Amino acid sequence: MLKTILITVLIVAISMALFSVKILFKKNGRFPNTHVSGNKALREKGIGCVQSQDRESRIANPHAIAERRIPKKTEQEK
């Protein structure tokens, strides 16, 4: 059991070291931006991420027509 855990930790540590080679050894190295907004081709097509679209849709529209609410009748009014 202990041998399996040590091997697993060793594999994870080696993987993390290999993933971070570019960051550690390159000047101003950083992870690539894989977010939809970081992709120039998608931005040109007008494609955005769901979170950005949701945030934009929640902004109040100044041209929207306010909806009327009809109050419910109470027991006494029936």
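How many helices and how many strands does the protein chain have? I looked this up at the outset and found four helices and zero strands. I note that the model is a predicted one.

**Entry: overall form**

I read the order of the elements from the N terminus, and they run α-α-α-α. I then looked up the radius of gyration of the protein chain, which is 27 Å. The globule rule gives 12 Å for 78 residues, and the value found is well over that, so the chain is more spread out than a compact globule. I also recorded the span of the C-alpha trace along its principal axes, about 75 × 45 × 20 Å.

**Entry: burial and surface**

I asked what share of the 78 residues is buried. Buried residues make up 4% of the protein chain. A residue counts as buried when its relative accessible area is under 20%.

**Entry: nonpolar patch**

Which residues form a nonpolar patch on the surface? I listed L10, I14, L18, V21, L24 and F25, which together have about 660 Å² of accessible area. Helix 1 (2-19) and helix 2 (21-25) are the elements that give two or more residues to this patch. I picked out L24, which lies in helix 2. L24 has 60% relative accessibility and counts as exposed, because the cut-off for exposed is over 50%.

**Entry: P32 in a loop**

I next turned to P32, in the loop between helix 2 and helix 3 (40-44). Is P32 buried or exposed? With a relative accessible area of 56%, P32 is exposed. I also looked up the separation between P32 and L6, which are 26 residues apart along the chain. Their C-alpha atoms are separated by 31 Å.

**Entry: charges and the salt bridge**

I recorded 15 positive and 6 negative side chains in the protein chain. The centres of these two sets lie 17 Å apart. How many salt bridges does a search of the whole structure find? The search finds one. I identified its partners as R58 and D54, whose side chains meet at 3.0 Å, N to O. I then checked the accessibility of each partner. R58 is exposed, at a relative accessible area of 66%, whereas D54 counts as partly exposed, at 34% relative accessibility.

Methods
Residues numbered from 1 in each chain as written. Predicted model: local features only at pLDDT ≥ 70, side-chain atom pairs only at ≥ 80, totals over all residues. Heavy atoms only, no water. Rg over C-alpha atoms; globule rule 2.2 N^0.38 Å. Buried < 20%, exposed > 50% of the residue type's maximum accessible area, 1.4 Å probe, protein only. Lys, Arg positive; Asp, Glu negative; His and termini not counted. Charge placed at Lys NZ, Arg CZ, Asp CG, Glu CD. Patch = residues over 30% accessible without salt bridge, like charges linked within 9 Å, V, L, I, M, F, W, Y side chains within 5 Å. Areas by Shrake-Rupley, 256 points an atom, 1.4 Å probe, with all protein chains shown as cover. Salt bridge = Lys/Arg side-chain N within 4 Å of Asp/Glu carboxyl O.
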